[in-house]
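Me: I've got a model open here and want to go through its pocket and its charged pairs. Can you start with the terms?

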Amino acid sequence: MKTWLMMGLPAVLTVALTGCFDNKKIDCSDPDGLSLIQGIVSEATEKAIKRETDEPLSSIRASVEGLGMSIADVRTAKTDPNSTKIFCEANLEVKIPAKTKQDAQASLDAMELEETVDNILENHGFEQSSTSADIYKIGISYNLQPTDDGQKVYAQLEDGSPQAGLADLLGWAVSKNKIVKEQLEIQRAAIEEEARAAKEQAEHEAQLKKEAAELAAAERAQMDAQISQAKAAYKRAVNEINEIWNSLDAETQDALREEQRAVNKEREAACKAESIANGGTQDEKEVYRLMCEVAALNGRKEYLFYNYF
């Protein structure tokens, strides 16, 4: 639905049949004249609503006809001795049905607007009556003039735009069902979109968890393989140096025994310290320590082989 334009509408000129005026004069309180002014306001309000909504004309007209419209505090502003036209001022009083106010407010609430029915009317120059919370009034200026034959009266609304405020209010009211339905559809679509997004997010997170688990499993398998290889290499290195040691004669073994014990102790301490300094996980440290010992054992093996065989 379009935003209701808060602006004045052009003054409207109309004509209606009336009683005969013998003196071709008319006063500002003439019933036919006042009825015409009310008709001008009603017609202009209908047209304003129709421009801003696609609601059926019958619904628009019924909403306008439901207003309790009257003209009070009529004053003669100016007369012209050379003309039968009279210029008038008055207050247009409008009684807004409770359901109309409720429907308009429901539309405003559905659109999540902070405005109220009273705000709308006040923004268009209406004041709430001190006698009733459902009656609002606005000052208007108009002129009346009988035809020369006294058979018709012309009425023209000059200043004041009551139709703008009334069209604004009634536009919200007659469009309530459409607005509420549209907003419910928007909310439903938003909920569905939120649910879809949540589902996609959950699926994405599940996929990430799956990939993370697969990666962790692959890394675990790779680390297990590295540990297994490091342990096998360490065992091989120990067996090989033991084989070299056992090949030495007893006298050489006795001569080298204390040295060998010191070498073993130094190797173990150095490799443990280096593995800690190298950082990483406990498994990575263990692999580093084992391979460090393998390198040291192989070095010691070669030393014994080239020096004592």
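Reply: Pocket first: on a 1 Å grid over the protein atoms alone, a pocket is an open set of points where a 1.4 Å probe fits, with protein on both sides within 12 Å along at least five of seven lines, and lining residues have an atom within 4 Å of a point. This is a predicted model, where local features need pLDDT of at least 70, side-chain atom pairs count only at pLDDT 80 or more, and totals for chains, interfaces and linings use all residues. Residues are numbered from 1 along each chain as its sequence is written, and side-chain values use heavy atoms, with hydrogens and water left out.

Me: Which residues line the largest pocket?

Reply: The lining consists of Ser 59, Ser 63, Lys 99, Thr 100, Asp 103, Ala 173, Val 174, Lys 176 and Asn 177.

Me: Which helix gives the most to that lining?

Reply: Helix 3, with 3 residues. Helix 2 (57-65), helix 3 (98-110), helix 5 (162-174) and helix 6 (176-247) each supply at least two. Helices here are DSSP runs (H or I, at least four residues), strands likewise (E, at least two), numbered from the N terminus.

Me: OK, salt bridges. How many does the structure hold?

Reply: There are 19, a salt bridge being a side-chain nitrogen of Lys or Arg within 4 Å of a carboxyl oxygen of Asp or Glu. One of them joins Asp 54 to Lys 178, with the closest N and O atoms 2.9 Å apart. Asp 54 sits in the loop between helix 1 and helix 2, while Lys 178 is in helix 6, 124 residues apart.

Me: Is Asp 54 buried or exposed?

Reply: Exposed, because its relative accessibility is 55%; the cut-offs are under 20% for buried, over 50% for exposed and partly exposed in between (1.4 Å probe, protein chains only). Lys 178 is partly exposed at 29%.

Me: What about Asp 134, what does its side chain meet?

Reply: Lys 101, in a salt bridge of 3.4 Å, N to O. Asp 134 is in the loop between strand 4 (127-128) and strand 5 (135-146) and Lys 101 is in helix 3, so the pair ties together parts 33 residues apart in sequence. Lys 101 is buried at 17%, and Asp 134 is partly exposed at 25%.

Me: Which residues are linked in a network?

Reply: Arg 267, Glu 268, Glu 286, Arg 289 and Glu 293 are linked by salt bridges. Within that group, Arg 267 and Glu 268 pair with their closest N and O atoms 3.8 Å apart. Arg 267 is buried at 11%, whereas Glu 268 is partly exposed at 41%.
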